[in-house]
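Subject: Structure for your review

Dear colleague,

Please find below the structure that I am handing over to you. My findings follow it, and I would be grateful if you would read them alongside the model.

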Amino acid sequence: MIRDSDTYPAFLAQLRRFVQQRLVPREAEVASCDEVPADLVQEMADIGLFGFSIPEAYGGAGMTTEELVLAAIELSQCSVAFRARVGTNTGIGSEALVADGTPEQKQRYLPRLASGEITGSFALTEPEAGSDATALTTSARRDGDDYVINGTKCFITNAPIAGLFTVMARTDPDTTGASGISAFLVERGTPGLSTGPAYRKMGQEGSPVSEVHFDDCRVPAANLIGGVEGQGFRTAMKVLNKQRIHLSALCIGPAIRMLDDAIRFVSTRKQFGEPLSSFQLVQAMIADCQTEIHAARALVLETARQRDRGEDVTMQASICKYFASEMCGRVADRCVQMFGGYGYIADYGIERFYRDVRLFRLYEGTSQIHQLNIAKRTLAQAGA
C-alpha cells in the first residue's frame with residue numbers, strides 16, 4: 001500500500017540519486033577499508049535511512065510493507081555494505097520492539113534507532129541453533145528485578161558496532177522447542193555482554209558480523225520485550241516474516257545493478273569486430289536475467305500488498321525469499337560470464353557483487369529450509 005501516490009515517487013527518485021551520486025562512487029573505498037565511513041553514515045542518518053519501518057510517532061517513516069519493498073530495491077542497487085549498515089535498524093534490529101514492545105520500551109529505544117544514534121542487532125542464531133532456531137540454549141534466569149543471561153550467539157550482523165541487541169533466550173529451562181523462549185533488549189556496555197572480533201568473510205566487506213557472548217549478563221526485568229515470558233519465539237517469527245519480504249526486495253536491487261553493469265560492458269566490449277551485445281547467446285543471458293528480475297519484483301510487491309491488507313503471508317514470504325535469493329545468485333553468475341575474464345578481476349566490481357550476494361541464500365532461512373516450509377504449507381492446504 002502506497003499511502004501518498006503523489007509524494008512517494010519523488011522520495012524514491014531522491015533515494016535513487018543519493019545511491020548513484022553518494023554511495024556508488026565510494027564502494028571501492030568501503031571494500032578496501034572494510035567499513036562504511038562515518039561521514040556517509042551521518043548522511044544516511046540525515047535523510048532518514050535508519051527509520052524506514054519505525055512508526056512516525058517515534059521519528060521513523062512508518063513505511064508500509066509495499067513502501068519498504070520499493071525503497072529497499074532502490075537502496076540495494078549499490079554495495080551491500082551500505083544497505084546492511086542501516087538494515088538492522090530498518091528491519092530485524094527494531095521490528096521485535098515495534099511488534100511487541102511495551103510503550104515504555106518503544107519510547108526509550110525507537111527514536112534512537114530511527115535517528116541512527118544507535119545501531120540495532122538481532123541475536124537469535126547460535127552455534128548449535130541455526131536452521132533449527134528453537135534449539136537455542138542461551139538462558140535467562142530471573143533473579144529479583146533482573147534476568148541473568150548466559151550463552152553465545154553467532155553470525156550476528158552489525159554486532160561489533162551495535163548499541164542495542166534484541167536477544168532470544170530460554171527463560172524456562174524445563175521446556176524444549178519454541179515454548180519458554182523470551183526476547184530481551186540488552187544495551188551495549190551492560191556488564192557481561194561482549195562481542196567477538198568481526199569475522200573474515202567471503203564477501204560483504206564493510207558489513208561487520210561477529211559472535212555475541214553473555215557471561216552472567218544482568219539485564220533489568222523491564223527489558224523483557226512485552227513484559228511477558230515465553231513470547232520470544234512468536235515475536236521472532238513476526239519479525240522474520242516481514243524481514244523475509246524485505247530481504248527479498250534487497251535481493252532484487254543488486255540483480256538490477258549487476259545487469260545494468262553487464263549491459264554497459266557488453267555494449268562496448270568488442271569481439272570479432274562486433275559488440276558482445278550483438279551475439280545471441282549473450283542476449284539470451286540478458287533476457288534470462290531481465291525476466292527473473294521482473295518475476296521477483298512482481299512476486300515481492302504482491303506479497304507486500306497482501307501483508308498490508310492483513311493477510312497471512314507466511315508461505316508467500318518463504319516463496320519470495322527462496323525465489324528472489326536464488327534469482328540473484330543466477331543473475332550474478334550470468335553477469336560474471338558476460339564480463340568474461342574481466343568478471344574475475346576485482347577492478348571491475350562484478351566479482352565483489354558475486355561474492356556479496358552469495359549470503360542471501362543462507363540468512364533469514366536457507367533456501368532448503370524455505371523449500372521445506374513451502375512444501376509443508378502447500379501439502380497442508382491440500383489436506384495431504
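Which helix gives the most to the lining of the largest pocket? It is α8, with eight residues. Please bear in mind that the model is a predicted one.

The largest pocket has a volume of about 1500 Å³. Its lining is made up of 50 residues, and T125, L362, Y363, E364 and G365 are the closest to the centre. At least two lining residues come from each of α5 (80-90), β3 (146-157), α8, α10 (314-339), α11 (350-356) and α12 (367-381). Sorted by class, the lining of this pocket holds 21 nonpolar, 17 polar and twelve charged residues.

Helix α8 also takes part in a helix crossing. The axis of α8 (residues 232-268) and that of α6 (residues 92-100) come within 9 Å, crossing at roughly 125°. Because of this angle, α6 is oblique to α8. The crossing of the two helices is right-handed. On the α6 side, the contact is made by I92, E95, A96, A99 and D100; on the α8 side, T235, K238, V239, K242 and Q243 take part. The residues of this contact comprise four nonpolar, two polar and four charged.

In short, α8 supplies eight residues to the lining of the largest pocket and is also in contact with α6.

Yours sincerely

Notes
Residues are numbered from 1 along each chain as its sequence is written. This is a predicted model: local features need pLDDT of at least 70, side-chain atom pairs count only at pLDDT 80 or more; totals for chains, interfaces and linings use all residues. Side-chain values use heavy atoms; hydrogens and water are left out. Axes are lines fitted to C-alpha atoms, for helices over the stretch in contact, and angles run from 0 to 180 degrees between N-to-C directions. Helices (H or I, at least four residues) and strands (E, at least two) are DSSP runs, numbered from the N terminus. Angles under 35 degrees count as roughly parallel, over 145 as roughly antiparallel, 65 to 115 as roughly perpendicular and the rest as oblique. A crossing is left-handed if the near helix is turned anticlockwise from the far one by less than a right angle, and right-handed if clockwise. Contact means heavy atoms within 4.5 Å. Ala, Val, Leu, Ile, Met, Phe, Trp, Tyr, Cys and Pro count as nonpolar, Asp, Glu, Lys and Arg as charged, and the others, Gly among them, as polar. On a 1 Å grid over the protein atoms alone, a cavity is a set of points where a 1.4 Å probe fits but cannot get out, and a pocket is an open set with protein on both sides within 12 Å along at least five of seven lines; lining residues have an atom within 4 Å of a point. Grid points are joined across faces, edges and corners, and a volume is the space filled by probe spheres set on the points.
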